Amino acid sequence: MAGPPSDAELIARCRAGDDAAWALLVERFARYVHAILTRVYRLAPRVAEDTFHEVFARVYEQLPKLRDDAAFRPWLAQLTRRLAIDALRAAARERPDDGELIEYLDIAADDAITELEQALTVRAALWDLPDHCADVLDRFFARDESYATIGAALGIPAGTIASRISRCLERVRSILEGRSATPAPSGGR
Amino acid sequence: MRAERIAELLTDLPPAPEPWVRAAQELPRARREIERLVAHARADAELSAALAADPEVALRRAGLEPAPCVVAALRARLEG
């Protein structure tokens, strides 16, 4: 069975006008862009929303000109950073004291974005898990849902969730170990 | 990588708000719909005035979520 498409495959399909590929590309990178805007650059919700849409509008417009499809992820990070800084500078015109804060955030962004890239790699490993495993990990860690909520949503006893999480984390660890031995296509979902 | 570190990294990427994601996913269709609306507006002064006066309403009537980037794209096409 074929696995999920690589970033480069998705981009090629987007260029060919495949709307489903575009939807998957957005789904794959929405969390990454959102995290850069809100966690790294701490944009206010309304500004973050506008900037999020601006990022994907630019991606859509510029994909045909992207030279190295395999370098999509760093290109996207750079584009998102640039637009986040633009948004902060626009806000700083009304609050000149924010100038130093912007500088500080941008310096700290390198490490924070490296962390997010690792997080994308871990999320990509979820693709290779059975759905119930990926779902329980996403609900517990990324969506911060309680055992009771997860149990109700997935129809499993809440008392078994901690052990499921532990087993599923172990499976992710094995997948990542396998990937570090054989490099896989980049991407996150 | 330790399981604890994997858990930590999983918390780093919470979901983006669903309406934001949906609007971004609809961009290709939105762009096509904008082209169609602009083409019609060139031949229909009433539609052209309605689009300029309230693009959000016009987009909703066309079945599109008027996300800021979609409204901005429509405005840019109308001005261009």
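A: Leaving aside neighbours within four places in sequence, Leu137(A) is in contact with Leu126(A), Ile165(A), Cys168(A), Leu169(A) and Leu10(B), where two residues are in contact if their C-beta atoms, placed from the backbone, lie within 7 Å. The model is a predicted one, in which local features need pLDDT of at least 70 and side-chain atom pairs count only at pLDDT 80 or more, whereas totals for chains, interfaces and linings use all residues. Residues are numbered from 1 along each chain as its sequence is written, and chains are lettered from A and ligands numbered from 1 in the order in which they are written.

Leu137(A) is also, with Ile36(A) and Phe56(A), among the residues that touch the most other members of the largest nonpolar core, which has 69 residues. Such a core is a set of buried Ala, Val, Leu, Ile, Met, Phe, Trp, Tyr and Cys residues joined through C-beta atoms within 7 Å, and a residue is buried if 20 or more other C-beta atoms lie within 10 Å of its own, exposed if 12 or fewer, and partly exposed in between. Helix H2 (residues 19-40) of chain A gives the most to this core, with 11 residues; helices (H or I, at least four residues) and strands (E, at least two) are DSSP runs, numbered from the N terminus. In soluble globular proteins, nonpolar side chains tend to be buried together.

Helix H6 (residues 131-142) of chain A packs with helix H7 (residues 147-154) of chain A at an angle of about 145°, their axes being 10 Å apart, with axes taken as lines fitted to C-alpha atoms over the stretch in contact and angles running from 0 to 180 degrees between N-to-C directions. On the H6(A) side, His132(A), Asp135(A), Val136(A), Arg139(A) and Phe140(A) meet Ile150(A), Ala153(A) and Leu154(A) of H7(A).

Another residue with partners in chain B is His53(A), which touches Ala23(B), Ala24(B), Ala67(B), Pro68(B) and Cys69(B), not counting residues up to four places away in sequence. His53(A) lies in helix H3 (residues 45-62) of chain A and counts as buried because 21 other C-beta atoms are within 10 Å.
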